[in-house]
Amino acid sequence: MRTLVMGVVNVTPDSFFDGGRYLETAAAIAHGEELIAAGADIVDVGGESTRPGALPVGLDEELRRVLPVVAALAPRCRVSIDTMKPQVAREAVAAGATLVNDVSCSLAPVAAAAGVGLALMHMHGTPATMQANPRYRDVVAEVASFLAAAAAAAHHEGVEEVYVDPGIGFGKTVAHNLALLAALPELVEAGEPVLVGVSRKQFIGRISARPGSDPLPPEERFEGSLASAVHAMVCGVAVVRVHDVAPTRDAALLVAAALGDGSPGAPRAEAAVPSGASA
Ligand code: HH2
């Protein structure tokens, strides 16, 4: 199975990369449709930024932002709802979402009651404070055991489809993020399907800074984002959450074709080659 591509639709004024571009309902729907046409397997609709220092959004405003967008896109593609609020998750599912993207790891009861999938993400603290001074004894061990416990609790609650996500950039230094990316094979090996979001994040700007210059801004982090997504794919991750759907989907198809069924060590499969292809 190739890695699935989850395209980001941020209906927000303040997201770190695309804030303000799709705040209007019509613009958000049009962007979602573009991502679907580009081959997104899932579109992830969110109405509250979780960037470091972001301020919370009220319930009514978040509902107003996301519900019409979810309702418009759900007939055409699988939609996930990126929220920390139970009522937003519930109403988005009623509007057609079939996956709850739960960055606060608190919505298993909602997903269970609604009979939909759940992505559980690790976050150290809250968006307002998480980058203040994140510390771990052993970031990989702590994140892995947190996710294993959260996934077990969600299954116990009655959620069948669970993804786990190490939460790149959520209360983590560059070194923490890199340790978690290096440990993706370990997380995959643990058994739950893994979702990862690296797209345009700060650590990419720092690592790919030109010699003697400042970190690259989000607009210049595409190549690093794609490289990080390909790394995740080769590690066997189930879903990558990205802003740039078309090139990421191309990469996912190529990685799957090169690896056989997409998992490291799998035998090469004829099925990965489109029929009629000669070279
Ligand atoms: N990252 C962001 C938001 N939601 N969900 C999951 N599961 N994993 C992630 O890594 C993740 C996420 C942050 O990216 P973005 O939505 O582009 O920015 P903002 O939070 O500023 O809207």
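Helices (H or I, at least four residues) and strands (E, at least two) are DSSP runs, numbered from the N terminus.

**View 1. The fold of the protein chain.** In this predicted model, local features need pLDDT of at least 70, side-chain atom pairs count only at pLDDT 80 or more, and totals for chains, interfaces and linings use all residues. Residues are numbered from 1 along each chain as its sequence is written, and side-chain values use heavy atoms, with hydrogens and water left out. The protein chain contains 10 helices and 8 strands. Its radius of gyration, taken over C-alpha atoms, is 18 Å, close to the 19 Å from the globule rule (2.2 Å times the number of residues to the power 0.38) for 279 residues, so the chain is as compact as a globular protein of that length.

**View 2. The residues around the ligand.** Ser-15, Ser-49, Thr-50, Asp-165 and Lys-201 come nearest among the 17 residues around the ligand, where a residue counts as near if one of its heavy atoms lies within 4 Å.

**View 3. Polar side chains at the ligand.** Polar contacts here are pairs of N or O atoms within 3.5 Å. A polar side-chain atom of Thr-50 lies 2.7 Å from a ligand oxygen atom, while an N or O atom in the side chain of Arg-241 is 2.8 Å from an oxygen atom of the ligand.

How values were computed. A polar contact is a pair of N or O atoms within 3.5 Å; within protein, one must be able to donate a hydrogen and the other to accept it, and residues adjacent in sequence count only if both atoms are side-chain atoms.
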